[in-house]
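Here's a quick briefing to read alongside the model. Have the viewer open and follow along.

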Amino acid sequence: GRSTRAGASGSAIRGPALCLLRGLFLIYSLGIVLSLGIGRNSDGAAWLGIFDSKNAFAAYVAVYALICVGLVFDGDTPRWMRLAAAGGALLSLPLLVRAQSAGALAMIGPAVLTIIAVVSIRRLSDAQKVFAVGLTLLAALALGLVLWAYGDTLLASFLESSGKDATLTGRTDLWRAGFSLIAERPLFGVGYRAFWIKGNGPAEQLWAMFGEPSGAGFNFHNMYISNAVELGMVGLTIEIAIIYIAAALLLVLAVVRPTHIVAFLLGLQVLLILRSFVEVEVFQEFSVRSMLTYCVSVYAVRDFAAWRAETRHISLPRFRPREA
């Protein structure tokens, strides 16, 4: 009895994912209201909101859009909150446009479609689910082959149409420098938060190359390169495991238990994975996005373990004593 109460208490302390979704909606909505009301939005350039950069504002709006879409599909949420979430989802698109972030605009679509697809799959039979998953995998394979063959051409066309630089605003130069640094210390890197500091020669060179003052906030605009420079391949492997194992578990749950919560968590993970190739959003101190990644991992492992326990319980044959 005592262990049961302790387990229930631990679950209550952790809190259900639905409370996380509703709480995030209220908190992020406050940030959106402040960005509209007192943010730096009237200078004719990219909107910054209450943030220091347009990329930070765009990343915030992208997560807010997923929160809103996830909440719209929650039938137990009060009607006024669902209507507000629908309005927030519609508002997110013009805000992303005003943030002038081509990356955020390109990546929010697949994440939103992921949420809609998972919610929609609930209406399918088991055979239809298998067919849908197989069709999705074939489409992903075909898309991968197209990108592998024509990726550079498509990227150049997209950047040209959006008015962006072909080097992704210097990101390709940063990536080349990052690969050189990784080769010097491949296993453990230079240390967490030990590269972008004043007095570090390679960092000073990159600041000067991109016209940034010494000590300015800066990164390699690629999670894998940036974290490999600091933590090496050992640290990067741990971070990849946290992100991609959670994504794999959520993919399984999206088929066997496709709730709107699973859809929302998977959408968040899809957005994170897509943006990880051009931004560094996670595994930073005092970062809400990093905490969200940890929460997604915890809920994915917990829900997958609960599903496995249920299936084992159902499949176990009941013991019947032999009659004399």
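What follows covers the overall fold first, then a few local spots.

This is a predicted model, so local features need pLDDT of at least 70, side-chain atom pairs count only at pLDDT 80 or more, and totals for chains, interfaces and linings use all residues. Numbering starts from 1 along each chain as its sequence is written, and side-chain values use heavy atoms, with hydrogens and water left out.

**Overall fold**

- The protein chain has eleven helices and zero strands (DSSP runs numbered from the N terminus: H or I of at least four residues for helices, E of at least two for strands).
- Of the 324 residues in the protein chain, 40% are buried (buried is under 20% relative accessible area, exposed is over 50%, partly exposed is in between, with a 1.4 Å probe and protein chains only).
- Take the contacts between residues at least 6 apart in sequence: 70% of them join residues at least 24 apart (contact means heavy atoms within 4.5 Å).
- Carbon and sulfur atoms account for 67% of the chain's accessible surface of about 18300 Å² (Shrake-Rupley method with a 1.4 Å probe; for residues, only the protein chains shown count as cover).

**Around Thr77**

- Look for Thr77 in the loop between α3 (54-72) and α4 (79-99).
- Thr77 counts as buried because its relative accessibility is 4%.
- Setting aside residues up to four places away in sequence, Thr77 touches Arg22, Leu71 and Arg82.
- With Arg22, the side chain of Thr77 also makes a polar contact of 3.2 Å (a pair of N or O atoms within 3.5 Å; within protein, one must be able to donate a hydrogen and the other to accept it, and residues adjacent in sequence count only if both atoms are side-chain atoms).

- Leu30, Leu34, Ile38 and Ile50 make a nonpolar surface patch of about 380 Å² (patch residues have over 30% relative accessible area and no salt bridge; like charges are joined within 9 Å, nonpolar side chains, meaning Val, Leu, Ile, Met, Phe, Trp and Tyr, within 5 Å).
- A salt bridge here is a side-chain nitrogen of Lys or Arg within 4 Å of a carboxyl oxygen of Asp or Glu.
- Ile50 sits in the loop between α2 (17-38) and α3, and it counts as partly exposed because its relative accessibility is 39%.

**Around Gly215**

- Gly215 lies in the loop between α8 (201-209) and α9 (223-256).
- At 44% relative accessibility, Gly215 is partly exposed.
- Beyond its neighbours within four places in sequence, Gly215 is in contact with Lys198 and Trp207.
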